[in-house]
Amino acid sequence: MAIAKKEAFSKKEQEIAAFAKAIAHPARVAILKVLAGKTECVCGQIVDVLPLAQSTVSQHLKELKAAGLINGTVEGPRSCYCINWKAFEKFRNEFNSLFDTLQVKNNSCC
C-alpha cells in the first residue's frame, strides 16, 4: 500500500488539493448552491431539496465545514450553515493563479 507523502508538497499545493477534494462530490456542489442563495440555512432545508438522507447530508456538511468552506452553528435542535466567502475568495484566487500558470506552461508544450 502506498503512503501519501503530503509533506513533500508545498502548503499551497496541499490547500488547493484539500479544497478540490472537499468539493469533489456532486452532493457537496449541490449543498453549496443551496447555501449560496441564502444568508443561512437550516440543515433540514438542505435535506428537503436533495435526494439524500439527513444523515448523508450531515456528513457532507461536516466535510465542507472541516475544509473551512462553510460555517455552522448549532442552536438546540437546529444546525444553521452559511458559506465562508473569505475561504472561497482565497481558493478562487489560488485556482486562478494555478490555472494561469498551467496555461502558460501548456502554451510552450507540444
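Two strands count as paired if DSSP finds at least two bridges between them. Helices (H or I, at least four residues) and strands (E, at least two) are DSSP runs, numbered from the N terminus. By that rule S2 and S3 pair up: six bridges join them, and they run antiparallel.

A quick note on what you're looking at. This is a predicted model, where local features need pLDDT of at least 70, side-chain atom pairs count only at pLDDT 80 or more, and totals for chains, interfaces and linings use all residues. Residues are numbered from 1 along each chain as its sequence is written, and side-chain values use heavy atoms, with hydrogens and water left out.

**The sheet**

Three strands make an open, antiparallel sheet in the order S1-S3-S2. S1 and S2 sit at the edges, each pairing on one side only. Two bridges link S1 to S3, again antiparallel. The S2–S3 hairpin has two residues between the strands, and Gly76 there takes a positive phi near 65°.

Here are the strands, with a bridge partner from each pairing:

| Strand | Residues | Bridge pair |
|---|---|---|
| S1 | 41-42 | Cys41 with Tyr81 of S3 |
| S2 | 70-75 | Asn71 with Cys82 of S3 |
| S3 | 78-83 | Tyr81 with Cys41; Cys82 with Asn71 |

**Helix H2 over the sheet**

H2 (residues 26-36) lies across S1, S2 and S3, at about 90° to S3; axes are lines fitted to C-alpha atoms, for helices over the stretch in contact, and angles run from 0 to 180 degrees between N-to-C directions. Its buried residues (under 20% relative accessible area, 1.4 Å probe, protein chains only) are Ala27, Arg28, Ile31, Leu32, Val34 and Leu35. Seen down the axis they fall within an arc of 160°, so they line one face of the helix; the arc is that of the directions from the helix axis to the C-beta atoms. The face turned away carries Pro26 and Lys33, which are exposed (over 50%).

Neighbours within four places in sequence aside, Leu35 is in contact (heavy atoms within 4.5 Å) with Cys41, Ile46, Ile70, Tyr81 and Ile83. Over in H4 you'll find His60, which counts as buried because its relative accessibility is 8%.
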